[in-house]
Amino acid sequence: MSVLAGNGNGTFAAALNFGTGTGPRFIVVADFSRDGKPDLAVVNYSSNNVSILHNTTPFDSAGTFAAAVNITAGTTPRAAAVGDFDRDGDLDLVVANEGSNNVSVRLNNGDGTFAAAVNNGVGTDPRAIVVDDFNRDGILDLVVANYGSNNLSALRGNGNGTFLTAVNYGTYGMPWSLAVGDFNRDGNPDLVVAIGVQVIETRLGNGDGTFAYPEFVGDLGSTVYYCSVTVGDFDRDGKLDIVRLPCSGSLVEVLWGNGDGTFADFTAHYGVNGLAHSAVGDFNRDGILDFAITNTPDNRIAILEGDGSRGTLVFSTTYGVGTRPRFISAGDFNRDGNSDLAVANGGSSNVSVLRGNGSGGFAAATHYSTAANPYTLAVGDLDRDGTLDLVAPNGTNVSIFFNRANGHKLFLPMILR
């Protein structure tokens, strides 16, 4: 993985690369050892394991990580989530395994090491996982999206790190991603599911860990795939809305929430061709959420500004980044109060950082080299110096960019193989 340290002025030091397993696909940032420093867990799709990298940064020094400790997962692990599943105060790990059709729960021993995996069966080809207290008993539960079997698996937690047998809920098509929100404002967590046709499903939580019959939003006759869904109150009416991004085409689709679990017909807004991932932030500091969206075929990102009214997103402009941008994150990297952007470019093996000017515009991208083909990004203050750093998983390692607020080069590289 590649970590880019922020200098505090919107620039980053060169990447520091850390060895992982093969084919890192997903990354989680959490304090597994309870020492106040964020550690890393990298899901390795090809080597069937998870790399745990413990943060060894002295309080006032450059960020450092110990060599990766690899713990086993199931076959071709795809995603992971974190939660205190046995209620002992330590963060535990759950991994969705695409090839073995299960989720592996690894309980934290309290020192950042993990007990042997306990596997829980789910549907076929699990692709996404969310953690919440769906039955409101004070114990964390799981919901898993199973791409291959067209269903969701809900697993209720027992509070000791074990889970009841999965209860499956059929979906209209192949579920690709999940998000959680209270769409009918009854205090129960609900689900929104992006599936492999031009439709998303919403499933209202009953408050007991079960879910109501799905409501479909979209054209059931279409075959458009959605890459991601995002939840937020984009028109400032106190009701959660949903933004969905088709994997092809150029339209950003917003479904406006009615506050009762239903949604008004979506409105489509011009974006850019080949949408892949979005970041949400108030880029022009008007108190209204805006969007930055990756445009993979044209190697650009697009900015769409919200005006706070239903049905309105205004296309602003595009900015060049690296080749085949795959993932985008927002953060105030130079601590000027404005949202900046970081983009993982899978084709050019680098990360692009664009500094925001607070009025909705961005400076030209600064590029930072990583190891091969960064697929995603994570943001956090890894060395506790008050500035945001970057982590990018690559083909066989991770690159870390530490942010140095010293008026010099913004990101300082570190490589551990």
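How many of the 417 residues of the chain count as buried? The share is 58%, where buried means under 20% relative accessible area, exposed over 50% and partly exposed in between (1.4 Å probe, protein chains only).

Before you click around: this is a predicted model, in which local features need pLDDT of at least 70 and side-chain atom pairs count only at pLDDT 80 or more, while totals for chains, interfaces and linings use all residues. Residues are numbered from 1 along each chain as its sequence is written, and side-chain values use heavy atoms, with hydrogens and water left out.

**Whole chain.** Colour by pLDDT, the predictor's confidence in each residue, from 0 to 100. The chain averages 83, and 86% of its residues reach 70 or more. Now switch to cartoon: you get 34 strands and zero helices. Those are DSSP runs numbered from the N terminus (helices are H or I, at least four residues; strands are E, at least two).

Select 413-417, where pLDDT stays under 50. The model still gives this stretch 27 contacts beyond four places in sequence, a contact being heavy atoms within 4.5 Å. Where pLDDT is low, the predicted coordinates should not be read in detail.

**A four-stranded sheet.** Next, pick out β7-β8-β9-β10, an open antiparallel sheet in that order. Its edges are β7 (77-83) and β10 (118-121), each pairing on one side only. Strands pair if DSSP finds at least two bridges between them; β9 (residues 102-106) and β10 have four. For one of the bridges, show Val-105, whose partner in β10 is Val-118.

**Aromatic rings.** Rings of Phe, Tyr and Trp (its six-membered ring) pair if their centres lie within 6.5 Å; planes under 30 degrees apart are stacked, over 60 edge-to-face, the rest tilted. That gives twelve aromatic pairs. Start with Phe-65 and Phe-402: their centres are 6.4 Å apart and their planes at 20 degrees, so they count as stacked. Phe-65 sits in the loop between β5 (49-53) and β6 (69-72), and Phe-402 in strand β33 (residues 397-403), 337 residues apart. Both are buried.

Then jump to Tyr-147 and Trp-176, an edge-to-face pair at 5.5 Å centre to centre, with 70 degrees between the planes. Tyr-147 is in the loop between β12 (141-146) and β13 (151-155), and Trp-176 is in strand β15 (residues 175-181), so the pair ties together parts 29 residues apart in sequence. Tyr-147 is buried at 14% relative accessible area, whereas Trp-176, at 29%, counts as partly exposed.
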